[in-house]
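Biologist: Could you take me through one part of this model up close? I'd like to hear about the greasy insides and the aromatic rings.

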Amino acid sequence: MGKKSKLKQELVTDTSSLVGLVFSWSISDVLNENLYRNQVQRIPDTFVTLTSYKKSFIPSLVEETHADLLSNMKTLSHAPTCEILTIEDSAGPPGDLFYDITYYRDTETDENHKGPIYEPQVGDIIALTNVRPKCIDDLNRPPRFYLIAYVDEAKDVDEFPDDLQFKILSSKPINYGEPDMHTSKRETLFAVYLMNLTTNLRVWKALNSEGNTNIINKVLQPKSDDGESCSVCFSGESCLVCFSKEKCNAGISAIWPTICSQNLNESQEAAVLNCISLAQCHHQNSVKLIWGPPGTGKTKTMSLTLFALFQLKCRTLTCAPTNIAVLEVATRLRRLVNQSLEYGRYGLGDIVLFGNKKRMKIDNNDDLRDIFLDHRVKILIKCLVPLSGWKHLLESMIHLLVDPEEQYSLYLEKKAEKQKQNAQKNEEDNRKHNGDEDCPLTFVEFVKNEFDSISQELKICMVNLYTHLPTSCISLKVVKDMVRASGLLKSIESSLHSIRVANEGFKLLKDFKVPRTVVRRLMQLRTECTNTLKSLPMEFSVPSINKYALKNFCLENACLIFCTASTSSKLHVVAGTRPLELLVIDEAAQLKECESAIPLQLSGLRHAILVGDERQLPAMVKSEIAASADFGRSLFGRLAKLGYKKHLLNVQYRMHPSISLFPKREFYDNQIVDGPNVKEKSYERCFLKGKMYQSYSFINVANGKEELDHRFSRKNMVEVAVVSGIVASLYKEFIGTKQKVSIGVISPYKAQVYAIQEILRKYTETSHTGFSLSVRTVDGFQGGEEDVIIISTVRCNGKGSVGFLSNQQRANVALTRARYCLWILGNSSTLISSDSVWKKLVLDAKRRNCFYNADEDSNLAQAITAALLELDQLHSLLNIDSMLFKNAIWKVCFTHNFLSSITKIKDTVILWEVLALLTKLSSGWRRPLEEKGTLVYDGTSAQLLEKYKINGNLNLIWTVDILQENGHYIQVMKFWDILPFSHIAELAKRLDIVFGNFTVDKMNRCRHKCIDRDVVVPMRWPVVFSNSPMADHEESLSKPLSSFSITTNRETATSTYGNTSKAVKPIIPSKSNVNQRERLLWKIKAERVKDFSTCPEANPVDLSKPLSSLSLADKPEASTSTDMETGKAVKPIIPSKSNVNKKKRLLWKIKGEEGVKDFSTCLEANPVDLSKPLSSLSLADKPEASTSVDM
């Protein structure tokens, strides 16, 4: 190992600061993917000591930090950037390089810089440089300036929009502010975001510090029976038995009926009981695993558990890996608490949610705002400030009610003082300020206005106090008095506004001497309200009005606290003052074990409840090196792997049975069952018509193309088009039916998610409340669910490569998010070749008849076509296996000239018309005779060429050609070119040469036409291979037309073929080889028919047998095309003797016996006299192989 590698190893084990380690990396270190490869070792399953446990994670943590920085460096041109205005030295520990920076929020960035505006956050690692970097080299290219810094403090832009400052710890000294000697201008610097180090720093601190080890010691070497309930608490009896006999704690027994009223199943009830029993257990430290597969009510179970702990006043911290997961369980708990509150929102002060306001999007959630720490502190500060808060408002109202005249006198004195000050101003100002609006209020006006103003603010302050103060600081009696006082104030306000008396009368009223009912009532209200207000405390036992002190006060007195596992690091100071008792980690299987060490070491914790599913997604790890060392493994996953007891929630209530069928079998060994709700008929929801859009289907997108974006993430724009088409149909259906629907689109790749979000933006921004659309990655959808889920698998290649799509946990999450409909888009060929879970899924869909091709939906077919054209993938559309020819009965082939011409068409309308025409032609459609164009050309080509006019001056030129395939001659369509009319003659001349080399047989086959119900179907003829003279027959027919020299004497006719000539006998089999009946047939056909394959089959029929005696195998067909077979018996069509001579009748009989139904393909209207040379025949003498007017 080199010197540098040894240095890095020392840094990993000895450096006290992760920031210092990052500062030590040079650009070359950052770009070295193998910098820590030799130091990262697999994290063990069990551990001997606490020290070895913590140290085992550190190398992987450093490697993951390095990989994260490297990943962001590779996309530097897209990094958030801001321009620095000033840099000044800042106070800090001796030897540290702290600087205060102000910056400019540039809304118009450099056109080459595609990154967003940078708003510094604490924990950011940034690069300070004198250029907006477009690549990594820009940071390290002399003489350019570059250094790394850590953001230590940053002001909230929303709270201080005009104070754009942040504080950094720099890796090097900064010399900034001195103007350049040559330009007399100060150098411009930029701050470029690289990564956020906050979570990694918190993990680093947890692994390198001492804390509460009660829980961690329990999981170093766990035993399978460690998950059992405390034997002392339960005395070996069943939990439910304990409850039925009222042997459990009185507090738990009191709330149990409320828990049972929530319609829990047996597994959920048992889970709740096991968890809340821990609140009373002080005999041991324990860790519980609650295994919650998708849709089994995990969040419901946990929210009820937390509600019970809330009622029991058990101080509990609830964590999760992500803000989304935290918000989900907090929202559920908030709803339960709402239902139980008796006095407004009293009690919410015991529940605290804290974290990053922006990331949690608290402003969009009214329910959670009431328990969010920053909002609570802001409200409490406003309520408790001396000059305008609670005490001031309470005293002011009491004084107004006790002696309103004195308050009016004080008002008049203040008013007179103000008028005296105004008199000192100039006359013009006096006229402005001493008008009617500045005259003193009357007594009536003053009392009403003053009472309204103070009453309104006082009532709001009361609600805010009993909502946000912990119950330990404000008693229920005080709350009841506040509620009563609020009601009395409202009554007095109503009475005051109902009085309509003159100023003098109201003056008497203030002494309450007027013997009226209203006055007596008002007097009673005044007395009662005054006494109630006087009973309220002027102050509460809260610390000084300080933001940070109030935060700690709220956290110390809270019963339930919600935050991410990373953010729980802020609770170490608070927990030291007032310890926590229980820790609940939701989505525990998605939390790295080293990260769970942050909350597990909080002071006072006695028990931990881990809720999750190790068969769903684990934590995301960027470094392959760290991932292979099991750095992403969760504590839940490790314990489950070691056989630690898990409590399974075994009933799923989310998925339609057709959706849950595959995941239950593939991921959970059929250990979970469908709930009664999903089995009901009402759970069958149809959002779109067609079998493709039933509850569960795999939709094959065969023509996709996967590609990489600038972040090396994959996307498939054809699948994007299909998703867009489906969502468009769903929206159209919603507008028509008003049936509410929530849609989720999931893809494993960020590039695909971005592409889909962009194309569906108009739907995500729609104002319709009944239609919602969410597009996220698989990781982002964990824990979520929607009515309809569309999965875009993206991958499309010939190798069966699916990358991390093959991960079973990722597949499990994606396949279990839907309630009513799950539609999976993918390339079946790629997925089947992947030999992954997706292969099983596709094959399963086929077995269940849930497999469909996307182009079976005409709307999707159009969307795919448009996408392929947009991607310049025209060749995919012209492939014989493409969706254009899915209904084709004709095989098609294209010449190079055709392909060249069609690619030159830039007009989308014309291109669509060409493609539509190709589709129709291959399906057997032909234009009516009156709409067909004519070829002004009389060469050989004129007999075969077809011309179809296209929009504009273009024409599609094609012919029927013959291919030999699988022992048959087959008619196919050959497209020669797309040309202006003026160029057709030139093409026809060239094709004369091609067609001149066709044999007589081939020409006839090309011209044959078979019509079945207005559709032209291709013909097939068997290729006859024999040792009989038939071989000579085939040899002759294989020669080009130009090689024949036909004379009147067939016996001595000669054929010129190449440079040789020889006598050719008539093609009539000898008597020794063929019986008389067959020889007669050959003779007739030699004289009259040029297409021998259409009449005699490879196996001649024994004409001595009646037709009815022949088996189906003995009845040869004139064409093997299935489109021509009706399956019905057809009587021989034999003309009468009077109309047809003996020879013709024999031929008709033979062909009728042979089962030919289309006689136009065999018997010509005007037999050719083969005694004449071909050159001597007029065009009218040349018979057509088909009676169709087209030919």
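This is a predicted model: local features need pLDDT of at least 70, side-chain atom pairs count only at pLDDT 80 or more; totals for chains, interfaces and linings use all residues.

Modeller: Why two numbers? Because a pair of aromatic rings is described by the distance of the centres and the angle of the planes. The model's count of aromatic pairs comes to 32. Some of these ring pairs join up, linking Phe885, Phe894, Phe898, Trp925, Tyr948, Trp958 and Phe975 into a cluster.

Lys1002 has its charged end over the ring of Phe998, 4.3 Å from the centre. Likewise, Lys313 lies over the face of Phe310, and here the distance to the ring centre is 5.5 Å.

Now for the greasy insides. In soluble globular proteins, nonpolar side chains tend to be buried together. Here, the largest nonpolar core has 161 residues, and Met73, Trp390, Leu465, Met482 and Leu533 are the ones with the most contacts inside it. Helix 20, spanning residues 443-468, gives the most to this core, with ten residues. Zoom in on Leu533: setting aside neighbours within four places in sequence, Leu533 is in contact with Leu394, Met397, Ile398, Leu401, Leu458, Met462, Ala485 and Leu489. There's also a second, separate core of 73 residues, and Tyr683, Leu730, Ile756 and Leu825 are among them.

Conventions:
Residues are numbered from 1 along each chain as its sequence is written. Side-chain values use heavy atoms; hydrogens and water are left out. A nonpolar core is a set of buried Ala, Val, Leu, Ile, Met, Phe, Trp, Tyr and Cys residues joined through side-chain atoms within 4.5 Å. Buried means under 20% relative accessible area, exposed over 50%, partly exposed in between (1.4 Å probe, protein chains only). Helices (H or I, at least four residues) and strands (E, at least two) are DSSP runs, numbered from the N terminus. Contact means heavy atoms within 4.5 Å. Rings of Phe, Tyr and Trp (its six-membered ring) pair if their centres lie within 6.5 Å; planes under 30 degrees apart count as stacked, over 60 as edge-to-face and the rest as tilted. A charge sits over a ring if NZ of Lys or CZ of Arg is within 6 Å of the ring centre and within 35 degrees of the ring normal.
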